[in-house]
Amino acid sequence: MTPIISNVELCKLASGDFVSLQVYKFIGEKRGKKVYIQANLHGSEIVGNAVIHQLIEYLSTLEPNQITGEIWLVPVCNPLGINQRHHVFSTGRFSSYDGKNWNRIFWDYEKECLDLSEFARSQLNKKPEIIRKNYLEKIYLAWQQQLEKINQPSSIPLAEQYRYRLQSLCLDADYVIDIHSSSNQGIDYLFCFQGSEESAKYFLFEYGILMTEYEGEAFDEAFLKPWLALEKELANLGKVIKFDLESWTLELGTGMQINPLSVVKGVKGIKNYLAYKNVLSAKDELQTESIKLVNKNKLISYHAPTGGMIQNRVALGTKVRTGERLYQLLSFNKHQKLPEVINVYAETDGLIFDLSTNQSVNQGEYVLDLLND
Ligand SMILES: [Zn+2]
């Protein structure tokens, strides 16, 4: 089948050019869930574009009766971030306008929904699918006010206009997948919401971070948090419902690179997850991986004790023991003394989870993450 390809204009530049997105929609024969997959929200995290490309190629080989529901794919979903450079290096993690992280700008309906208890009480004798429909209508009503603000003479800042266009694509989705990578060099893993642990296994990753607190401004959180709030409110009133809505952030390897193994892992995991959710008819047997879900506080960031150059650092994915050397810091001085080589040792056992790409560090700069599991 061929996808429906459509454009979404994001904003007009001073030069008269338009910045826009392109959406690829695969609509199955049978009605069902809506899956929304995007990549490259952070400018240097390009790997997800290759994952989406492979998914487009795969889905194009299917017949419409092999997809139940619809799958929307948005590669290069943040053009302003992606095209940002310092010298030849992609930065694009933070907006150059206000310094904000591009993945901390999103609209969280929970913060606006002041009558949630009242609404929950009004839904107590309704079926889950009706509650879902009614709450979604409420979300859309509030969302409409965002558009009204954009259209007022005073309008709203660029980041808010951007998020309006992007979130409009998936407010009514059932499953959201946002593909990132480390800005530096990382292993492949995912972020998992509490309550989604069972589904996490179907992405076939070895590791995941189990989130415990939600600020609501990250893309995955902004989508799911209002629904979790409603579930909680209903549960307080004695009505226990779990909506079949899920939101995922996948972290696939290294920034500014497309690591082929990370692409394979991402594509395989997403296909398996979609088969598990019956969006794709599972030809092969479904697989699961006993994913190790850990709390974020198990990640220990090491920062340079003094300025210098990192050398002889342990490789990504290595398991280290307490007291083992993690790296050396070649440290120069201006005290008429010879340069020094400083050894830095592991404070705990753990797995090398992420490494800085830049081996030149000022004092206090990030060097590596160790997962103490
Ligand atoms: Zn990211």
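Glutamate 198 is partly exposed in this predicted model, with a relative accessibility of 43%. Its salt-bridge partner is lysine 201, itself partly exposed at a relative accessible area of 29%.

**Salt bridges**

- The closest N and O atoms of glutamate 198 and lysine 201 are 3.0 Å apart.
- The count of salt bridges comes to 16.
- Lysine 225 pairs with glutamate 110 in a salt bridge, with 2.9 Å between the closest N and O atoms.
- Aspartate 174 sits in the loop between α5 (158–168) and β7 (175–180), and arginine 132 in helix α4 (residues 128–151); the pair links distant parts of the chain, 42 residues apart.
- Aspartate 174 and arginine 132 are both buried.

**Domain layout**

- The domain assignment divides the protein chain into domain 1 (4–290) and domain 2 (298–371).
- Between the C-alpha centres of domain 1 and domain 2 the distance is 34 Å.
- Nine residues from domain 1 and 13 residues from domain 2 take part in the contact.

**Domain interface**

- About 890 Å² is buried between domain 1 and domain 2, and carbon and sulfur atoms give 60% of this area.
- On the domain 1 side, Asn184, Gln185 and Ile187 lose the most area to domain 2, and together they account for 57% of what that side buries.
- Between domain 1 and domain 2 there are zero salt bridges, but five residue pairs are in polar contact, both residues at pLDDT 80 or more.
- Strands β8 (185–192) and β9 (207–210) are the elements that give two or more residues to the side of domain 1 touching domain 2.
- Of these, β8 provides the largest share of that side, four residues.
- By class, the side of domain 1 that touches domain 2 comprises four nonpolar and five polar residues, with no charged residues.

How values were computed:
Residues are numbered from 1 along each chain as its sequence is written. This is a predicted model: local features need pLDDT of at least 70, side-chain atom pairs count only at pLDDT 80 or more; totals for chains, interfaces and linings use all residues. Side-chain values use heavy atoms; hydrogens and water are left out. Domain bounds come from an automatic or database domain assignment. Contact means heavy atoms within 4.5 Å. Buried area is the accessible area (1.4 Å probe) that two parts lose on being put together, summed over both. A salt bridge is a side-chain nitrogen of Lys or Arg within 4 Å of a carboxyl oxygen of Asp or Glu. A polar contact is a pair of N or O atoms within 3.5 Å; within protein, one must be able to donate a hydrogen and the other to accept it, and residues adjacent in sequence count only if both atoms are side-chain atoms. Ala, Val, Leu, Ile, Met, Phe, Trp, Tyr, Cys and Pro count as nonpolar, Asp, Glu, Lys and Arg as charged, and the others, Gly among them, as polar. Buried means under 20% relative accessible area, exposed over 50%, partly exposed in between (1.4 Å probe, protein chains only).
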